[in-house]
Amino acid sequence: MEGKEALQTQHSDTIVRVSGFVKRYKKDVAVDGVDLEVRRGEIYGLIGPDGSGKSSLMKAIAGVLTYDAGAVDVFGTRVDSERAAERIKPNIGFLPQGLGLNLYPELSIEENIDFFAQLRLVSDRDLAERKTRLLAMTRLERFRDRPMKNLSGGMKQKLGLICTLIHEPDLAILDEPTTGVDPVSRRDFWSILTELLQEKGMTALVSTAYMDEAARFHRLSFLSRGKVLVSGTPMEVQTLVPGSVVTFETTPQVQAIARLKQSFKQVESLGPLLHVFTPTADQSEARLQINTALGDLVPTALRVDEPELEDVFVALLLQKAEHKETSDAQPTAEAGHGRDGLAIEAEGLIRDFGSFRAVDRVSFQVKQGEIFGLLGANGAGKTTVIKMLNGILLPTGGAGRVAGADMRTAAGSIKERIGYMSQAFSLYLDLTVEENIRLFAGIYGLDKRAMSERYRWIITMAGLSGYESSLTSRLPMGVRQRLALGCALVHNPRVLFLDEPTSGVDPIGRRHFWEILSRLAREAGVAILITTHYMSEAEHCDNLALMYAGRIVAEGSPVDMKRQVEHEAGRLFEVVAEHPAKALVHLRQAGFHRAALFGTKLHFFCRDPVRDRDCARHALEGSGVRVISLHERPLSLEDVFVYRVMALEQAAKQEAAA
Amino acid sequence: MPGPELEERVNRKDGSSFEVVRLWALRLVVMTRKELLQLGRDVPLLLFLLYSFSLSVYISGAGIAMQLSNASLLVHDGDHSESSRELIHRFREPYFRFDGDVSDPKEGLARLDRGTAMVLLDIPPRFHESILGREPVTVQLQVDTTNAPQGLSAAAYAARIVGGFSFDLALSRLGAASNNQMPMPMVESAHRVWFNQDQDETWFQSISHILRMITLFAFLLPAAALVREKEHGTVEQLLVSPVTPLQIMLSKVLAMTLVILAATTLAMVTVLKPVFGVPIKGSASLFLLVTVLYTFTIAGLGLFAATVTKNQAQVGMIALLVIAPMLLLSGITTPFEAMPPWVQSLMALSPLRYYIDVTYGVLLKGVGLELLWDSILTMALLGGVLFGLGLWRFRRQFA
């Protein structure tokens, strides 16, 4: 099979070549002079926030969108006419953006697959064979008669992938296939995709808004505002911006941040931890720089790591200085709410929908000034919990107090004391920034003086000056999110609920957003309950609870949760080996069942770091796979999430079998 | 700097009941203003609204004619006599248009088939002779009744013309026979046309059209606004705020009622009076007041539809399902009295039926509350029930 060796042997074999590509929508330039080249057998990544031009580029390559300038060649055919596009289409599989948008909701899994196969004239024999294999691989065979509309987000995307690949195209174009999919399904999706491509020798062009997925690509381009900011292999990109990431604890945190900001552009607070990107690769130099900047504050629990790709992208974006959104005006510290007392108390909350128990005896507490993260896959019950606490959904059982009011009896008082930002952007797009703020100020009954005070406060806090009379629909995603936050804060609430607030926002926008949240919690004592799909964001929380099937299955601070998993499963190691696919097989044979492909790298857990590590090295080198590097990696919260949920799924399956 | 006193100002609701009412009203006003702002930003919708209440009223008033006019008449004259010519001559404009002779009745039938003629008059040979010989004679009239109302009135008009011709013949013959004027027993019908003396059809049609447009917009505007909030998720944001479901729904009705009221006034001022000369005999403010009540009623229905649908396309379909039969069967398209009894009792539930009574009563007949109170009361009751249903569904949907 040629695919397996693709990376090494076929560099000259270009599948897609794009040069000087320009796409305009009326006056707006969506893509502005992009060049890229996709080679046979690789997974090429397009990374960038919403509106960076990924989708336009992918559609043009798939032959379904005309463009204004430049050239697109696919399989050596210039895609410049309807006819040329029709010539390349038989060898392309295209998965458009959006969960299951290309599928038919009323048809079952099997009917969907059959339809796409028949459309592509796949012979009955091939179809039967591929269907069996793909359904097994995606673990969907049990559901083959279930209508597509009743599938979860992750399952829909897996079905979408099957339908896109059923005719075994030479090139698969997948537009944000993992957006809105929980971490476990995301990992699933990636391992299926990687295995399939390797096996069939296919090439894939994949876009994503998750920066942490960047390491999974063989090569990638990072897009920002219609331009390529950087391209190359993840390794190459990383070396472009040499630096280290220093993580440590120190108090008082607010003061430390102020000092660090004078020397460093990227300072993030992750719960009690501070996370600083230093522009030097030399670790001792990095420590020194931090100590100098902190002055008399003493860092504890300090560690220095290689930067992640996200840190690199942010550094690049800041270098290009095309981000004018970073407001110099810092949020004015507003009235404190007092650190004492509990902001949210949930005691044994239960909610049934018919015979289905969506939330099952959920209890937790959030103090004033605390950022609390509720994690879990789609349908785990997070949103239901929030709705009950907000007083828009009555609990079937249990009790709760929010901002000092009982959620069963005083829903009205709760509504006046909380701020809420929902999953989808939920302000009025056809109103201006000012009109939106004034609307919510009016709804919360602010009088004239209070309204103008809060209006000025929100404009400064969210960095909205200059946007006051812009229609909300014209704002970039990051600015919209901050406006939504501003509107949720218009009445100076004591408790803030955020339901997946940052989807689709670019990394700098997300960091800016979190900076505001940290200040609100630290300085104003606002209690924040947040749900998110970005595990890298969960690191910002003081405490976390992981929900699975309506229950809380793990809780604690991010550090505690990682420690628990390390205690149970061992340390996480990363191998860079010459033949990743072969290496995976050998590692699994050697007893590392959890080993998984991560782009060109492999991840696996070691219970006994020294012994297992040698064992792994032997297993690989003994079977002729050269190991380029093998080292320990800090566990991410995504690893924790996946580990926990996989264990629970395993247990549920065994229970069902028994 | 906003301090704790702000929070107090915000949460100061422990105060008097006046304060509670003031806040409640303020929220309603804020929400209503938002609806108007949003509508103002929707330029295509505004243009459509403007067209519907101006040009479109004119087009329907001037264009829709239910009376017989200009029906194409073919004649097969087998007699070519003085009498046959006179009969043909009586088929006059504006009701009939003489479209020529045919030499063969078959040719005439073929033209009926093709649809290029509507009426074929066949006068037999020896028509004149028979009349002179005082024998009864028959002329044949073939009418295309594919369009039943037009065809039937063509036949009726034709029968009247032939009847009149025959009566005149009889009269002149009698007069000729006995030289003295003999009194004849006869019954004459003398019309006295009320309310629309010129029998000007444009009045009825243009007013009907305005009623149609009011119904359509009163249903669609609030329904679309609510379902759009559901689609965009903004309704959730509202529900976690102190705004109540009643305020959310009421603000939409208020805003849309204002808009429709303005549009109706526009139609009356720019088209009804100056162009068609519709006399507004009763009180215009009573008409507008009833229009507010009617809009509220239909908006309740629309909001109910919005609670059972997921997106604007579905709302559009429900509108077709609910509004179309209402428009067709409530009495502006066809006479209510002509409908089968079960349709009549079904339409007792249609607010439009009562609104029509009131509208024509006020605008053309000039009657007032003293005669129309029962219609208005029924409409108000229907409105209350529909709005209550919508509110109930809306609350349930999110609980």
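**Figure 1. Helix α20 on the four-stranded sheet of chain A.** In this predicted model, helix α20 (residues 580-589) of chain A lies across β25, β26 and β27 (601-606) of chain A. The helix runs at about 20° to β27(A). Helix α21 (residues 609-622) of chain A also packs on the sheet, where it touches β25, β27 and β28 of chain A. The direction of α21(A) makes about 155° with that of β28(A).

**Figure 2. Strand order in the four-stranded sheet of chain A.** The sheet is open, its pairing is antiparallel, and its strands follow the order β26-β27-β25-β28. Strands β26 (596-598) and β28 (627-633) of chain A each have a single partner strand and stand at the edges, so one side of each is left without a neighbour in the sheet. On average, neighbouring strands are turned by 30° against each other, direction ignored. Strand β25 (residues 571-577) of chain A pairs with β28(A) in the antiparallel sense over 6 bridges. Within β28(A), A:Leu630 stands opposite A:Val575.

**Figure 3. The six-stranded sheet of chain A.** This open sheet has mixed pairing and the strand order β20-β21-β22-β17-β23-β24. Its edges are β20 (418-421) and β24 (551-556) of chain A; each has a single partner strand, so one side of each is left without a neighbour in the sheet.

Figure 4. Strand β21 (residues 495-499) and strand β22 (residues 527-531), both of chain A, pair in the parallel sense over 5 bridges. A:Leu498 has A:Ile530 of β22(A) as its bridge partner. Helix α12 (residues 382-390) of chain A packs on the sheet and touches β17 (371-375), β20, β21, β22 and β23 (543-548) of chain A. Its direction makes about 150° with that of β21(A). Helix α16 (residues 477-488) of chain A packs on the sheet as well, touching β20 and β21 of chain A, and its direction makes about 155° with that of β20(A).

**Figure 5. Crossing of helices α11 and α12 in chain B.** The axes of α11 (residues 245-272) and α12 (residues 284-307) of chain B come within 9 Å and cross at roughly 135°. The two helices are therefore oblique to each other, and α11(B) passes α12(B) in a right-handed crossing. On α11(B), the contact is made by B:Met249, B:Val253, B:Met256, B:Thr257, B:Ile260, B:Leu261 and B:Thr264. On α12(B), it is made by B:Leu288, B:Thr291, B:Val292, B:Thr295, B:Phe296, B:Ala299 and B:Leu303. The contact residues comprise 10 nonpolar, 4 polar and no charged.

Note on methods. Residues numbered from 1 in each chain as written. Chains lettered and ligands numbered in written order. Predicted model: local features only at pLDDT ≥ 70, side-chain atom pairs only at ≥ 80, totals over all residues. Axes fitted to C-alpha atoms, helices over the stretch in contact; angles between N-to-C directions. Parallel < 35°, antiparallel > 145°, perpendicular 65-115°, else oblique. Left-handed = near helix turned anticlockwise from the far one by under 90°. Contact = placed C-beta atoms within 7 Å. Nonpolar A, V, L, I, M, F, W, Y, C, P; charged D, E, K, R; others polar. Pairing = 2+ DSSP bridges.
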